[in-house]
Amino acid sequence: MRFEVLTKEDMNALSRELSRAGIMNRPKEETTAEIEHYFVVRGTYAELVSVASEVPAIGEKIEAVKLAYDELIGDWEPGEVRELNTLFEEPDLAKLSVISALVEAGAVEETDDGFLLKEKVPLDALNIELRFPAEEIGDEVEELEKGLNATLVTEYTLEKRYYVEVLEVERELIEAALDIAEDYATEESYVDAMFDGIARSVLAGRILELAEKYKRKNELIEAVMELEPITIEGKNERVNIYYDEDAIEDFLKVLQTLGYLKVKGNRIWV
């Protein structure tokens with residue numbers, strides 16, 4: 001299982017803690033490219049409303065914009081300066097679109113103390129920019145391009161990412177690794193690693209049980225394939241483990257590297 005961390009320092013610190021706990025691990029750095037495609041549309045709020053019936057995705061966005069406008073402008077009086085953290089208690093793309101439109105219209109001015117509201121501009125007159133992930137638009141692309149002259153924007157990001165791979169399959173060591181990594185790993189990678197570790201532990205256990213009976217590799221793999229999918233039942237959840245023959249072949253090499261069994265030719269020793 002693999003944990004992603006945010007910095008090289010965290011990667012090295014997590015690796016050291018795992019090693020001190022007797023958990024085999026391997027820090028790893030990767031330079032990766034992330035590519036995202038968006039359709040960007042721009043128009044006055046009134047123009048966006050006029051095409052909303054033909055493009056449902058627009059309707060969802062402009063409703064959020066209206067709510068954001070009402071919340072921002074409702075009790076904000078001209079001449080009043082508001083700090084950024086009072087306008088955005090948490091990330092809000094709709095509010096960001098409205099503030100950007102107000103700044104562009106000259107109704108809001110950014111100052112050293114925050115944002116100064118100079119005048120209240122009707123929402124219908126504001127130029128709003130909306131962004132839609134390409135994969136979410138689907139069949140609406142043609143209507144989006146026709147009605148609002150949408151622009152396809154591609155964002156390419158090259159970044160260094162840091163990981164720590166845990167090489168263990170024993171449940172006790174996996175749980176210990178999860179306890180240690182909780183203070184370092186990103187939330188998404190932690191959740192993925194948790195299920196990966198549990199699944200690999202269960203799969204390793206089943207293989208080792210079968211290896212006591214089947215001493216030939218081809219017979220062992222065949223017996224493991226007959227179990228697929230392996231299901232783990234919890235109180236309110238279920239995990240299904242799927243795999244193919246090539247994956248099991250590689251997993252046997254992992255178990256051999258960890259010292260759980262020995263494979264030579266078509267023979268298996270536990």
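This is a predicted model: local features need pLDDT of at least 70, side-chain atom pairs count only at pLDDT 80 or more; totals for chains, interfaces and linings use all residues.
Now the overall picture. The protein chain contains 11 helices and 11 strands. Its radius of gyration is 27 Å, well over the 18 Å that the globule rule gives for 270 residues, so the chain is more spread out than a compact globule. You can see that in the C-alpha trace too, which spans about 80 × 45 × 40 Å along its principal axes.

How is the chain divided into domains? The assignment gives domain 1, made of residues 2-24 + 167-269, and domain 2, covering 38-156. Turn the model until you can see both: the centres of domain 1 and domain 2, taken over C-alpha atoms, are separated by 47 Å.

A few totals next. Of the 270 residues in the protein chain, 39% are buried. The chain exposes about 16100 Å², with carbon and sulfur atoms supplying 46% of that area. And if we take the contacts with a separation of 6 or more, 75% of them join residues 24 or more positions apart.

Let's visit some residues, starting with isoleucine 128 in strand E6, which runs over residues 127-133. Is isoleucine 128 buried or exposed? Its relative accessible area is 0%, and buried means under 20%, so isoleucine 128 counts as buried. Leaving out residues up to four places away in sequence, isoleucine 128 touches Val41, Arg42, Gly43, Tyr45, Leu48, Val65, Ser97 and Ala101. Threonine 44 is 84 residues away along the chain, yet its C-alpha atom and that of isoleucine 128 are separated by 5.7 Å.

For a contrast, go to lysine 262, in strand E10, residues 262-264. This residue is partly exposed, with a relative accessible area of 48%. Apart from neighbours within four places in sequence, lysine 262 is in contact with Gln256, Arg267, Ile268 and Trp269. How far is lysine 262 from glutamate 34, C-alpha to C-alpha? The answer is 40 Å, for two residues that sit 228 residues apart along the chain.

Next comes methionine 194, which you will find in helix H9, residues 187-211. With 28% relative accessibility, methionine 194 is also partly exposed. Leucine 178 is 16 residues from methionine 194 in sequence, and their C-alpha atoms are 6.9 Å apart in space.

I've kept a peptide bond for the end. Most peptide bonds are trans. Here, though, the bond from glutamate 228 to proline 229 is cis, with omega near 0 degrees. Where does proline 229 lie? Look in the loop between helix H10 (217-227) and strand E8 (230-233).

Definitions and conventions: Residues are numbered from 1 along each chain as its sequence is written. Side-chain values use heavy atoms; hydrogens and water are left out. Helices (H or I, at least four residues) and strands (E, at least two) are DSSP runs, numbered from the N terminus. The radius of gyration is taken over C-alpha atoms; the globule rule is 2.2 Å times the number of residues to the power 0.38. Buried means under 20% relative accessible area, exposed over 50%, partly exposed in between (1.4 Å probe, protein chains only). Contact means heavy atoms within 4.5 Å. Accessible areas come from the Shrake-Rupley method with a 1.4 Å probe; for residues, only the protein chains shown count as cover. Domain bounds come from an automatic or database domain assignment.
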